[in-house]
Amino acid sequence: MKDKINCFVSIQLSKQNKEALYVQLYNEILQLIHNGQLAAGYKLPPIRKLAQTLGVNAGTIVSAYRELEKNGFIYSTAGSGSYVSDQATGQHGAVDYEFAADNIYMDEILKPQENMQAINMSTVSLNPDIVSVDQLKQIMMKVLDRDQGHAFSYQDSQGFFPLRESIAKHLHNMNIHTKAENLQIISGAQQGIDIVARALLQHGDYVFTESPTYPGAVASFLANGAKIIDIPMDDDGINIEILENKLQQFHPKLIYLMPVLHNPSGITYSIAKRNKMIKLAQRHNIIILEDDYISELSYGEKLMAPLKSIDRDDRVIYIKSLSKIFMPGLRLAFLTMPEYLSKKILQVKYITDISTSGFTQRIFDLYLREGYWKKHINDIRRIYKTQFEFAAAAAQKFLPDNVKWYNPHGGLSFWLELPEQVDSKVFCQKAKENNLLITDGSNFYPYHADNRHVRISFATLSLQEIETGMKILGEMIK
């Protein structure tokens, strides 16, 4: 037991301090966890032994342990004791959280001129060459002829009303029944995530995410003072058993999900799992933030409907990017607002950037009203289905059997699990040296605990480049 107490003998608790003794102890133990002195799985000293060592009563230890467990830093097992949680070292506040931008954004945003000769299997942005620029010119001229200088004026902060009407009509076809008044136009899905985080979260609130998940969302939640609990994924969606267990321990303010063509794994939730998620949200009075990443690029006969389509009591806030599958630089998206949150969301949006580009909104309004959007989606689905099937066949042909990969129903990428002896960060660096850009999967885990996955994309590649890239990957792994 002497070894177990060594980390704690330097702790000094003072009755003269304004903070209660148990709060002082809580902060001291938390510091030991954050410093790495108490690793995940470390067994904390028994209550009476620590009380004797620190010269305090057992109630102080009990209260400190209780608060640590309540906030997810430790867990207790009956008859065994208290242990540092696997998640504990990843629990950050808004002040001490730091992240590298290149963990969130791809090379084409941060370093557009670098690695121009490399085969780029990291970007999931659409190939600009497949967008009909002539069609876009026609729409732009129609807007300018119709609206003249008003096309560039400030819009209502909630968004150009005709566009909201067009989106509401579009959503009805997806079995999402909402009104223009309940839609908020935003400058990209990332802004929408941040607006919801600011409107909904208070410091110390819990947010549940899938694991892996989109790192930009995690950064936004943490920057707004939230604590992240990440739940692993099964082949048909989030692990419900672990989710229910965590719901018993914590009461999250928000659950962030990508139920259709999840990024990065490509997983689509089963019908049974979708229904279970809605029931759990109802039972535990929780809001779900659904990020519809790229559902239009499902290559089956029928598109999978969003989770929002089975939401009957407004528990799902649905965020959809319009520019992601068109021209990402245009930065246009929308979210559905529950009435009880609409005022707060509108306030946060106004503070953020007053309003989204009015010219861009008017362009998309015509795209939707005149049927160009449906044609655009059909065109890119046809193009990318060919590339998807070719990439899947190439992966099957060139990747060795000790590489596991999930074959999704659509999307622009594959999620690979590398052999045990291969570290993803080292592998990505070696790939770069071989003129191949791929994405390190550890970036998609809130606590970067995984070093076995990489994401590879075919979004901007020719069929020849896809084949060459797969060959290089296969040879590197072998």
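Visitor: How many cavities of 30 Å³ or more does the count come to?

Guide: Rolling a probe the size of a water molecule over the atoms shows where empty space is left. In this structure, which is a predicted model, the count comes to 1 cavity of 30 Å³ or more. The largest cavity has a volume of about 70 Å³.

Visitor: Which residues line the largest cavity, and how does its lining divide by class?

Guide: The lining includes Val124, Leu261, His262, Pro264 and Gly266, and Tyr293, Ile294, Gly410, Gly411, Leu412 and Ser413 also belong to it. By class, the lining of this largest cavity has 6 nonpolar and 5 polar residues, with no charged ones.

Visitor: What volume does the second largest pocket have, and which residues lie nearest its centre?

Guide: A pocket, unlike a cavity, is an open set of points, whereas in a cavity the probe fits but cannot get out. Here the second largest pocket has a volume of about 720 Å³, and of the 27 residues that line it, His170, Asn173, Met174, Trp373 and Lys374 lie nearest its centre. The elements that each give two or more residues to this lining are helix H7 (161-172), strand S10 (316-321), H13 and helix H14 (372-398).

Visitor: Which element gives the most to that lining, and how many of the lining residues are charged?

Guide: H14 gives the most, with 6 residues. By class, the lining of the second largest pocket has 8 charged residues, alongside 13 nonpolar and 6 polar ones.

Visitor: Turning to charged pairs, how many salt bridges does the count come to?

Guide: The rule asks for a side-chain nitrogen of Lys or Arg within 4 Å of a carboxyl oxygen of Asp or Glu, and by this rule the count comes to 22 salt bridges. One of them joins the side chains of glutamate 165 and arginine 369, at 3.5 Å from N to O. Glutamate 165 lies in helix H7 and arginine 369 in helix H13, so this pair ties together parts that are 204 residues apart in sequence. Glutamate 165 counts as partly exposed because its relative accessibility is 40%, and arginine 369 is likewise partly exposed, with a relative accessible area of 45%.

Visitor: Which side chain meets that of arginine 369 in a salt bridge of 2.7 Å?

Guide: The side chain of aspartate 365 meets that of arginine 369 at this N to O distance. Both residues lie in helix H13, 4 residues apart, about one turn of the helix. Aspartate 365 is buried, with a relative accessible area of 2%. Elsewhere, salt bridges that share partners join Arg146, Asp147 and Arg362 into one network.

Visitor: Are lysine 320 and glutamate 296 buried or exposed?

Guide: Buried means under 20% relative accessible area, so lysine 320, at 3%, is buried, and glutamate 296, at 12%, is buried too. Their side chains meet in a salt bridge of 2.6 Å, N to O. Because lysine 320 lies in strand S10 and glutamate 296 in the loop between strand S9 (287-292) and S10, the pair ties together parts that are 24 residues apart in sequence.

Visitor: Which residues form a nonpolar patch on the surface?

Guide: Residues in a patch have over 30% relative accessible area and no salt bridge. Tyr154, Tyr350 and Ile354 form such a nonpolar patch, with about 370 Å² of accessible area together. Isoleucine 354 lies in the loop between helix H12 (339-353) and helix H13 (358-369), and because its relative accessibility is 34%, isoleucine 354 counts as partly exposed.

Methods:
Residues are numbered from 1 along each chain as its sequence is written. This is a predicted model: local features need pLDDT of at least 70, side-chain atom pairs count only at pLDDT 80 or more; totals for chains, interfaces and linings use all residues. Side-chain values use heavy atoms; hydrogens and water are left out. Patches are made of residues with over 30% relative accessible area and no salt bridge: like charges are joined within 9 Å, nonpolar side chains (Val, Leu, Ile, Met, Phe, Trp, Tyr) within 5 Å. Accessible areas come from the Shrake-Rupley method with a 1.4 Å probe; for residues, only the protein chains shown count as cover. Buried means under 20% relative accessible area, exposed over 50%, partly exposed in between (1.4 Å probe, protein chains only). On a 1 Å grid over the protein atoms alone, a cavity is a set of points where a 1.4 Å probe fits but cannot get out, and a pocket is an open set with protein on both sides within 12 Å along at least five of seven lines; lining residues have an atom within 4 Å of a point. Grid points are joined across faces, edges and corners, and a volume is the space filled by probe spheres set on the points. Ala, Val, Leu, Ile, Met, Phe, Trp, Tyr, Cys and Pro count as nonpolar, Asp, Glu, Lys and Arg as charged, and the others, Gly among them, as polar.
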